[in-house]
Amino acid sequence: MQCLCNWLLGWMIRHRHGEFGRISFSTSSIMSSCVKPLQERGTEPVVLLHGFDSSCLEWRYSYPLLEGAGIDTWAVDILGWGFSDLQMLPPCNVAAKREHLYQLWRTYIARPMVLVGPSLGASVAMDFIANHPEAVSKLVMIDASIYAEGTGNLAKLPRIVAYAGVSVLKSIPLRFYANSLALNKVSLQSSWDSMNVGRLHCLQPWWEDATVDFMLSGGYDVRNHVKQIKQETLIIWGQDDQIVSSKVALRLHHELPDSTLIQIPGCGHIPHVEKPELVVQYILKFIRHE
């Protein structure tokens, strides 16, 4: 555990904050957390999103490999999760998350990017592309949570009940159980370490407010966007995913007109954590047309 903490400290030192200009849903600028390239090389930028209620630390194993391959890589915290400064408590609904990502792209990247979305991050990516297709050259989805009807009945909860539910969401037992589902046959120590990393952002003082706001807003429903995606798409899937069935991968591959599907044996819901070398290899081949 001590080694992991030391490694994370090094990662967090590289964790940069970018200040965007004032945007429509906030009366002031938002200090937004991301990991940016140490040195921009002018290559096609790769922007890494993360899954539901997670952070850019989800890419702690894959990011260094992409950067080491000479790729201009960004790992971005989606508004409301991760480590952005949300003291002003801006809205964290779908429209706000979309505009936040757009302002980051417009301010710091400003050229077509390869957008990578794992799990719910795939819905974030698909919603973004549907509204800003000019910003995305290619799409990578990893064990994508695409066909859900938003947050469903959770959006109808009384606010006080929503806060009670969210407080349970950050509990150690629930987080540990979720990790045991997401990861395939990893050691108890690895699962514990992963739980601790995945729970760090929940300790931010505004996390509960941001998560409740997202839950009650209705969340992502991008089912109608799937067949509208024109970008070349790579679908990566862990064959032993216990959270989103591999049947979803086949459906997604069928419905996306320009897609390639790669399934990884012996891998669960988070291939970029379990098999980072393989995932990076597939992403590099995809963006380099190898």
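This is a predicted model: local features need pLDDT of at least 70, side-chain atom pairs count only at pLDDT 80 or more; totals for chains, interfaces and linings use all residues.

Colleague: Is N179 buried or exposed?

Modeller: N179 sits in helix α6, residues 172-182. Leaving aside neighbours within four places in sequence, N179 is in contact with S191, S194 and M195. Buried means under 20% relative accessible area. N179 has 11% relative accessibility, so N179 counts as buried.

Colleague: How many disulfides are there?

Modeller: A disulfide needs a pair of cysteine sulfur atoms within 2.5 Å. By this rule the count is zero. For C92, the nearest cysteine sulfur is that of C202, 14 Å away, and C92 is in no disulfide. The number of disulfides is zero.

Colleague: Which elements give two or more residues to the lining of the largest pocket?

Modeller: The largest pocket has a volume of about 1,000 Å³, and 38 residues line it, with G51, F52, D53, S119 and A178 nearest its centre. Two or more lining residues come from each of α4 (120-131), α6, α7 (188-199), α8 (207-217) and α10 (271-274).

Colleague: Which element gives the most to the lining of the second largest pocket?

Modeller: The second largest pocket holds about 150 Å³ of space. Of its 10 lining residues, R60, Y61, S190, S194 and V273 are the closest to its centre. The elements giving two or more residues to this lining are α7 and α10. With three residues, the element that gives the most is α7.

Conventions:
Residues are numbered from 1 along each chain as its sequence is written. Side-chain values use heavy atoms; hydrogens and water are left out. Helices (H or I, at least four residues) and strands (E, at least two) are DSSP runs, numbered from the N terminus. Buried means under 20% relative accessible area, exposed over 50%, partly exposed in between (1.4 Å probe, protein chains only). Contact means heavy atoms within 4.5 Å. On a 1 Å grid over the protein atoms alone, a cavity is a set of points where a 1.4 Å probe fits but cannot get out, and a pocket is an open set with protein on both sides within 12 Å along at least five of seven lines; lining residues have an atom within 4 Å of a point. Grid points are joined across faces, edges and corners, and a volume is the space filled by probe spheres set on the points.
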